[in-house]
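Q: Please walk me through this structure, and tell me what stands behind each term as we go.

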Amino acid sequence: MTEKQNQEMEDQKLLGLLAQFEDPVSLVHACNEARESGYNKIDAFSPFPVHGIDPALGIPRTILPFFVLIIGLTGCAVGLGMQYYANAGDWSDLFPGYNFMISGKPFFSLPANIPVTFEVVVLSSAIATFLGMWALNRLPRLANPLHRISRFKRVTNDKFFLLVETKDPKFSREETESQLNQWGASVIEEVHEDLTDQQLPSWLQLVGLMTALILLIPPVLIFRAEGMTNRKPRLHVIPDMDWQEKYKTQTLAPNLGDEKHPVFLFVDGRAMQEPIPGTIARGNLYTDSEYYRGIKSGTESFATLQSAGARTGLQDDASQDKSGQDKPDQDPTADEKPAEPAEPDWVTQFPPNVNVDQALLERGQQRFNIYCSACHGYAGNGDGLVNARAMALAASGQATWTTAKSLNDPEIIKNPVGRIFDTISNGRGTMGPYKSQIPVEDRWAIVAYVRALQGTGLQPVTVTQADEETVEK
Amino acid sequence: MATTVEPILDNTLDDPDHRSPLVLGDMDYADVTDKVCSIWEADKSPKVWWLVLIMAISMLMMLGGCIGHLLMKGVGVWGNNNPAYWGWPIVNFVFWVGIGHAGTLISAILFLFRQNWRTSINRAAEAMTIFAVICAGTFPGIHIGRVWVFYWLFPVPSEHLAMWPNFRSPLLWDVFAVSTYFTVSLLFWYMGMVPDIATYRDRAKSKIRKLVYGLLSLGWTGSARGWHRYEAAYVILAALATPLVLSVHTIVSFDFAVSQVPGWHTTIFPPYFVAGAIFSGFAMVVTLLVPARKIYGLQNLITIRHLENMNKIIMATGLMVGTAYGIEFFISWYSGVAPERFAFYNRAFGNYWWAYWIMVTCNVFIPQLFWFKFFRTNTIAMVVICIFVNVGMWFERFVITVTSLCRDFLPSSWHYFHPTEIDIMMFIGSFGLFTTLFLLFCRFLPIIAISEVKSILPIKGKDH
C-alpha cells in the first residue's frame, strides 16, 4: 500500500473494528462476551451458519415465514380466482372468461382446480421466500466496505469475524480493541468507509446506457406506428396457413406445362367445374318444392321462402318488441298484428311421393304423440300437459304464454296441408321450428295424422258436476 | 508415540460407538474450499472434460438441427401417427422429468429429515434436476405443433384466440407443474449456491471473474443475521419443494391416468410414477457423480458411503416399482374388465413383449444385485447397474405410452409404432443438451456445497 493510499484511508471515516477468530467456538464465545458487555451494534461473519450464534448475538427470529404465509395465501386466492374467472366467468367484455362445456360437467369444480391452485401457491411462496430473504438481508448490495479488507476474503473460506460498529454507544477505539483481544481475537483491523466502491466501472455504465437506449427503440417504433396510417398490409410474421396453394373459384387454372404444350388440370382450362351429372351440391338438395317445402313448385321466389322460413315465434316477439319501442305512440293493435307476408301457394294435396296409408298414419300418430301432444294434446285440442301447466302459471302471473292452438279450430281446419307442413317445419307464432328434430317423411306423416284427427272432430272432454259426484261416490 | 490413529478409509461400516465420518482425509475448512475451488481454479480442464464436451456439443447441435427441421416440416417428421399420437416425445419428456426428481429429493426431503450425507451430493443433484427439466420441457414444447404460439399454454389474455386455457385438463396442470418445478428448483439451487459463489468471488483473480461472481454473489458477507434468514428461507423452500416434487410426477401421471385408455386409467399411477422418478433420478446421480469424483479427485468428499446410501435408495425404489408392476397385473385381472385384462396381457406377451421384458429385467431383476455389499460399494459395478436402471426406466415410459395406444378400443386402427430417424436423433441430442450443461456447471460453478459440507465437519475449537 502506497503512502498516498494510506493517507486516504486515514482520512476516511472509521466504521468499526473487525476482529478475526480462528474457529467457530471462539467466535460464539466472543459474541457472548460482547453482548454481555453491553455492545449491540455487532455482527458476526462466518463461512457457514454457526450453531448457537443467534442467541449469542441476540438475533430475533426472522419474520420471513409470516411474509411467505401471507403471499402463499394470496397466491391461493389468485390461483383459484384466475381459474374461476377464466373457465366459469363470462361477465367482462374486455377479456371475457371462456366457459368450457366439457361432458356436461360444472364450469367450476374444486377437485379439478386443486392442482393448478397448489402449483400457484408453491410458486408464489417460493418466489416470496427467495425475494423476501434477500430483501430482509438488504441484498443485493454492490459495495460493502468490508470487501475492501483483504483479510475479510477468508470469511468465505475458513476464518470467523466479529464486527463492532462505531455507531455502538459503548464503542471506544482503544477499549474495544483491548476487549476484543481479551476475548480471543487473533487479528484486529479497522474498517473505513470507502466512497470509490459505490461506482460501477465506467465501461459497464456505458454498456448499461447503450442497452437501455437500444431497448427503447421498439417501444418508440410502436408508439410512432400508433399515430400513422399505412396502406401496406400489416406484417404477417406467422402465416398459419392463411395463404394456401389452391385454385380459387372463377379463375383460370394455371398452366402446369410449358407454353407450347399447355397442360391444365382440367381440359377446359378453368379452375371451376360444373357439378358431375347426378350429384347435388351441398344445400341444394331441396329442389322438390312440394315435398320439402309444402309449396307448389315454381310459384315463389327464394326470398319469400326465406322470410317464410324466418317466421318463427321468437323473431316475431323480437320484431314486436322493437317496433313497440321505436313507435310508442302508435296504436298498440297495429303492433300486435304486423303485416302478414303474402301467403305462398301451399300444396293442397299430399305430394306424390307421400303414400297416405295405414302405416303412415300410425307413424304419424306415434310422432305426433312424441313431439306435438305435449302442447296440443293427444286429441289435438290444444290441451296438452305443458299447455295446462303454462296456463296455470300464466294465471298466477308467473309466466307469459300463448295458448296452444286447437287443431280442431275451424280456422286451422281450413289450412291446406302445405301450410301445416310449413308450420311444423318452421314454426309459427310462439311455436318453434321442428325441422331439425323431425325428418321430412315424418313431418308428412304427422300432417296426415293431423288431418285424420281433424276428421274425427273430437271435442275436449269436460268434467261435469255429475261426473265428479260419481267419482266421489 | 507408539500407536497412531489410523485414518479411516472405509466409512461404510456402521460402528455404534460413533457416527461414521462423511468427509474423509482429515480435511479442515480450508482444505474443503481448496479442493472444490481447484476444479474452477485449474488453468486447464482435464482432457476427458474436453473430449466429452466436444461430443456433447455435437449432439446438442444435432438436436438443434432436428428441432429446426421439425419447425419447418411439422410434427409429421416424428413416428407419431394414428393411433400412437404420443410417441417418443412424451416418452422422453417423462423420462427426463423423472430424472430431475432425485435432485429435489436430495436437496429438500433429505434436508427435512436431517440426513447430513446429502451435503456432498446435493449441489450436483440439484444442477442435474434443472438440466433434466430443461431437456424435459423441450419435448412437449416442440410437440405443440405451432411453437410460435407457445404462450397459449399459459393463461395470457389473447385477442386472437379469444379464449382461456381449460383448467380442468391434466395437460394444463402439467404446464403449471413443470414450470413451477423448474422455477422453484432454480431458486433453490441458486440460493443454495450464493455463499459458495461468494467464495469464488473472494478467490477470483481475473477482472471478468471478479465482476461475474461479484454480481452473482449479490454481496454476500456471511453475516450471522444473513445466515439466520438464509437458513429460515432454506427450510421454507425445502418444505415447499417437498410436496412440489411429489406433485410434479403425480400430475405427469395424471396425463395418462385421467384418460380412459386401458392400461393408463389406473389409480396406482401417481405413487408408482413418483417412485419410478426417484429410482431413475438416483441412478442418474450415481452415473454422473462416480466419474466426476474420480476425474476431480473428490473421493474424500463424495465418499463410498454417499454412493452406498444412494444405491440403497435405488434398490428400495426399484422394489416399489417392481411391486407396482405386479399390482397392475393383479388389478387388471381383479377388475374383470376385458379391455384392461387384454391391455396388460398384451403388454407382457403382445407385440411389444421385448420392450416389457427389457423394462422388467433392468428395473426389477438387475437392481437386486444391490443386496450385495460388493455391488453397492464398487464404483464400476454401480455405474453399470445404474445405466441399466435408466435404460429400463426409459422403456417403462415407452411400454406405458406405446403399448396402450397401439392397442386401443378400435381394433381397426391397431398399429405397430415405428420411430423415425428424427425421433432417435432428438433423443440422443437431448443427452447432448444435458451433458453440455452439466459439464459447464462442473467447470464454472461449485459442484459441492462448500458451506454445507463445512457445517458438518467436526468442530475443532479450544473447548473441544
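Q: Let's start with Q250(A): where is it found?
A: Q250(A) is in the loop between α7 (202-226) and α8 (289-293) of chain A. Helices here are DSSP runs of H or I with at least four residues, strands are runs of E with at least two, and both are numbered from the N terminus. This is a predicted model, in which local features need pLDDT of at least 70 and side-chain atom pairs count only at pLDDT 80 or more, while totals for chains, interfaces and linings use all residues. Residues are numbered from 1 along each chain as its sequence is written, and chains are lettered from A and ligands numbered from 1 in the order in which they are written.

Q: What makes the phi of Q250(A) worth a look?
A: Its phi is near 60°, a positive value in a residue other than glycine. Most residues other than glycine have a negative phi.

Q: What makes the bond from L139(A) to P140(A) cis?
A: Omega of that peptide bond is near 0°. P140(A) is in the loop between α5 and β3 of chain A. Chain B has a cis bond from N82(B) to P83(B), with omega near 0°, and P83(B) sits in the loop between α2 (47-73) and α3.

Q: Why are β2 and β4 of chain A said to stand at the edges?
A: Four strands of chain A form an open antiparallel sheet in the order β2-β3-β1-β4. Two strands pair if DSSP finds at least two bridges between them. β2(A) and β4(A) each have a single partner strand, so one side of each is left without a neighbour in the sheet.

Q: How do you know that β2(A) is paired with β3(A)?
A: Four bridges join β2(A) to β3 (residues 160-165) of chain A. In this pairing, A44(A) stands opposite L162(A).

Q: Why are α3(B) and α4(B) called roughly antiparallel?
A: These two helices pack at an angle of about 155°, with their axes 7 Å apart. Axes are lines fitted to C-alpha atoms, for helices over the stretch in contact, and angles run from 0 to 180 degrees between N-to-C directions. Angles over 145 degrees count as roughly antiparallel, under 35 as roughly parallel, 65 to 115 as roughly perpendicular and the rest as oblique. α3(B) and α4(B) are therefore roughly antiparallel.

Q: Then what makes α9(B) oblique to α11(B)?
A: Helix α9 (residues 304-335) and helix α11 (residues 353-365) of chain B pack at about 140°, with axes 8 Å apart. That angle makes α9(B) oblique to α11(B). G318(B), V321(B), G322(B) and Y325(B) of α9(B) meet V360(B), N363(B) and V364(B) of α11(B).

Q: How do the residues of that contact divide?
A: There are four nonpolar, three polar and no charged residues. Ala, Val, Leu, Ile, Met, Phe, Trp, Tyr, Cys and Pro count as nonpolar, Asp, Glu, Lys and Arg as charged, and the others, Gly among them, as polar.

Q: What does chain A bring to its contact with chain B?
A: Chain A gives 56 residues and chain B gives 56 residues. On the side of chain A that touches chain B, α5(A) supplies the largest share, 15 residues. That side divides into 36 nonpolar, 13 polar and seven charged residues.

Technical notes. Contact = placed C-beta atoms within 7 Å.
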